[in-house]
Amino acid sequence: MSVAAKRVAVILAFSVAAVSMILWFSSGGSQSPTVCDGSARCFEGEITDVYDGDTVYVAGSAIRLALTSAPELDEPHGLEAKEFAKKVCPIGSLATVDEDDGQTQGSFGRIVAVVYCSGVNLNAKILEANLASIDTRFCDVSEFANETWAQSYGC
Ligand SMILES: [Ca+2]
């Protein structure tokens with residue numbers, strides 16, 4: 001290869017690398033982080049059921065939203081909370097489950113976690129909609145207690 005050809009090859013290689021990085025950043029930029037924190041369970045799966053405003057099923061596993069307590073179905077706004085959760089996490093959509101490293105013992109057989117749907121943190125979203133409240137009993141132990149959303153709504 002001539003010196004000129006080598007230069008062209010190097011410039012091309014850099015250009016491809018630069019474009020790849022831009023594409024990689026722009027694809028991630030529009031979504032919230034869906035990478036889990038901590039070392040407890042972290043998995044992706046389909047939303048297979050939405051039981052109520054604070055319990056959903058991902059790939060058949062029951063997930064209790066960490067720090068987030070929605071009214072029971074027979075209580076005021078219970079059904080509304082469920083419908084809201086279904087809007088954020090439609091049945092059949094893909095979700096990411098970030099298990100609470102401070103509550104790996106679970107809750108009544110359910111995994112305690114933050115659930116992300118299309119990059120949206122369902123725990124934070126349903127609190128923001130005022131259809132759930134922070135369960136302050138777990139602020140001392142939850143991995144997520146120091147996150148902005150948990151702090152904003154009562155931890
Ligand atoms: Ca975690």
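I began at strand S2, where Ile47 stands opposite Val58. The model is predicted: I take local features only at pLDDT of at least 70 and side-chain atom pairs only at pLDDT 80 or more, while totals for chains, interfaces and linings use all residues. I number residues from 1 along each chain as its sequence is written.

**Entry 1. Overview**

I looked up the secondary structure of the protein chain and found four helices and eight strands. Helices (H or I, at least four residues) and strands (E, at least two) are DSSP runs, numbered from the N terminus. Along the sequence I read the pattern α-β-β-β-β-α-β-β-β-α-β-α.

I then checked confidence, using pLDDT, the predictor's confidence in each residue, from 0 to 100. The chain averages a pLDDT of 87, and 78% of the residues score at least 70. Over residues 26–33 pLDDT stays under 50, and for this stretch the model has five contacts beyond four places in sequence. I call two residues in contact if their C-beta atoms, placed from the backbone, lie within 7 Å. Among contacts between residues at least 6 apart in sequence, 66% join residues at least 24 apart.

**Entry 2. Strand pairing**

I count two strands as paired if DSSP finds at least two bridges between them. S1 and S2 run antiparallel and are joined by four bridges. These strands form a hairpin with two residues between them. On pairing S1 with S5, I found the antiparallel sense again, over five bridges; there the partner of Cys42 in S5 is Asp98.

S2 (residues 55–58) also pairs with S3 (residues 61–65), antiparallel and over four bridges. Thr55 stands opposite Arg64 in S3. The hairpin of S2 and S3 has two residues between the strands, and in this hairpin Ala59 takes a positive phi near 50°.

In which sense do S3 and S6 pair, parallel or antiparallel? I found S3 and S6 (residues 111–117) parallel, over three bridges. Leu65 has Ala113 as its bridge partner in S6.

**Entry 3. Helix H2**

I sorted residues by burial: buried if 20 or more other C-beta atoms lie within 10 Å of a residue's own, exposed if 12 or fewer, partly exposed in between, with C-beta atoms placed from the backbone. In H2 (residues 78–88), Ala81, Lys82, Phe84, Ala85 and Val88 are buried. They lie on the same side of H2, because they cover an arc of only 160° around the axis. The arc is that of the directions from the helix axis to the C-beta atoms. The face turned away from this buried side carries the exposed residues Glu83 and Lys87.

I then asked what the buried residues of H2 pack against. They pack against S1 (42–52), S2, S6, S7 (120–121) and H3 (122–128).

**Entry 4. The largest nonpolar core**

I define a nonpolar core as a set of buried Ala, Val, Leu, Ile, Met, Phe, Trp, Tyr and Cys residues joined through C-beta atoms within 7 Å. The largest has 33 residues, of which Ala85, Cys89, Val115 and Ile126 touch the most other members. S1, S2, S3, H2, S5 (94–99), S6 and H3 each give two or more residues to this core. S6 gives the most, with seven residues.

I listed the contacts of Ile126, leaving aside neighbours within four places in sequence: Gly53, Thr68, Ala70, Ala81, Phe84, Ala85, Leu131 and Ala132.

Leu122 has its place in helix H3. Leu122 counts as buried because it has 26 C-beta neighbours inside 10 Å. Not counting residues up to four places away in sequence, Leu122 touches Leu65, Ala85, Val88, Cys89, Val115 and Cys117. Leu122 and Val88 are 34 residues apart along the chain, and their C-alpha atoms are separated by 6.7 Å.

**Entry 5. Positive phi in loops**

Most residues other than glycine have a negative phi.

Phe108, not a glycine, has a positive phi of about 50°. I found Phe108 in the loop between S5 and S6. Phe108 is exposed, with 7 other C-beta atoms within 10 Å.

Ser118, also not a glycine, has a positive phi of about 50°. Ser118 lies in the loop between S6 and S7.
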